[in-house]
Amino acid sequence: MDISNNCLLVTGGTGSFGETVVKSFLQTDIGEIRIFSRDEKKQYDLRQKYKNSRLSFHLGDVRSIKSLNRVMPGVDFVFHAAALKQVPSCEFFPLEAIETNTLGTENVIQSCISNEVSKVILLSTDKAVYPINSMGLTKALSEKILTSYAKRIKPSKLKLCATRYGNVMCSRGSVIPLFISQILNNQKITITDPLMTRFLMSLEEAVGLVKYAFNNSSQGEIFIKKAPACNINTLALALKEIFNADNELQIIGSRHGEKLYESLLSREEMSRSIDLSDYYSIPLDNKDMNYSAFFEQGNKEISNIKDYTSHNTKQLSIKEVKEKLLELSYIKQYLK
């Protein structure tokens, strides 16, 4: 990744992903990292934590193309991570999710075009595959917006690509911090469904996926990292062993808008994906407005292809989950 003296903008840069990007890229010879978000408290905390002259903070919202245009001049690359990510809040306020996740993505792309940015990487989610909730629907549309622009823009002007990943371990609002809090406070560990599975990926692996996309993408390409998974019961038992706890497990049932398993590739996408050993790539679908391509040309293999999900990827045992968890700095800080 040749980023010497370049400027990187991270939208939503005060989130878990943004801070991991900051930590990673400050170890390189990058010229400047601009953090763009609407949370001044988190910006203050990051500023105090890193105190680095290559790091600059900009208040703004992807809903406003004016605020994007104020921060964008001089930017070479954009990691677009700004999004409303909590399923329940998006279910209650779907129009807010549309404003941020969907229309915000178009604002980012439009601002990048106007300011001659070289590359944009959109961070998407498993929930965009077969979406059943507002969060997933808005992220699926953000992918469609990106690929529709990719069909019309020359890569020499602006290269657009996306990454898609599932559960990121220990990110804000995720289940591992909740389970740890319940363990430490001697509460029951609330299990939605013991058979519910989730991919297990660290924040560092999520950043690694974005770096891989940065270095290897063609116009409009979507990258997915292969990852192991486990069911929620196994995860809870692994954490109980790590903390030598005897908390009772309480099954509460699946929550509204929650899937039994994560899907990172639909069978339709798998039919045209490229297996890159550690990753899958979905090339840009270059069908044009010639409708015969949609109605007269088919794919006989789709019915024989399976989705790529947290149910059919490698399933980790309690021991293997413990080993993965114990590699995380978030877990280590509790065990000191």
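A word on the model: it is predicted, with local features needing pLDDT of at least 70, side-chain atom pairs counting only at pLDDT 80 or more, and totals for chains, interfaces and linings using all residues. Residues are numbered from 1 along each chain as its sequence is written, and side-chain values use heavy atoms, leaving out hydrogens and water.

Rings of Phe, Tyr and Trp (its six-membered ring) pair if their centres lie within 6.5 Å; planes under 30 degrees apart are stacked, over 60 edge-to-face, and the rest tilted.

| Pair | Type | Centre to centre | Between planes |
|---|---|---|---|
| F79 and F214 | edge-to-face | 6.5 Å | 80° |
| Y212 and Y279 | stacked | 4.0 Å | 15° |

F79 sits in strand β4 (residues 77-80) and F214 in helix α8 (residues 203-216), so their pair ties together parts 135 residues apart in sequence. Helices (H or I, at least four residues) and strands (E, at least two) are DSSP runs, numbered from the N terminus. F79 is buried at 2% relative accessible area, and F214 is buried too, at 6%. Here buried means under 20%, exposed over 50%, and partly exposed in between (1.4 Å probe, protein chains only).

Helix α8 also holds Y212, whose partner Y279 lies in strand β14 (residues 279-282), 67 residues apart. Y212 is partly exposed at 22%, while Y279 is buried at 12%.

K226 has its charged end over the ring of Y280, 4.7 Å from the centre.

Methods:
A charge sits over a ring if NZ of Lys or CZ of Arg is within 6 Å of the ring centre and within 35 degrees of the ring normal.
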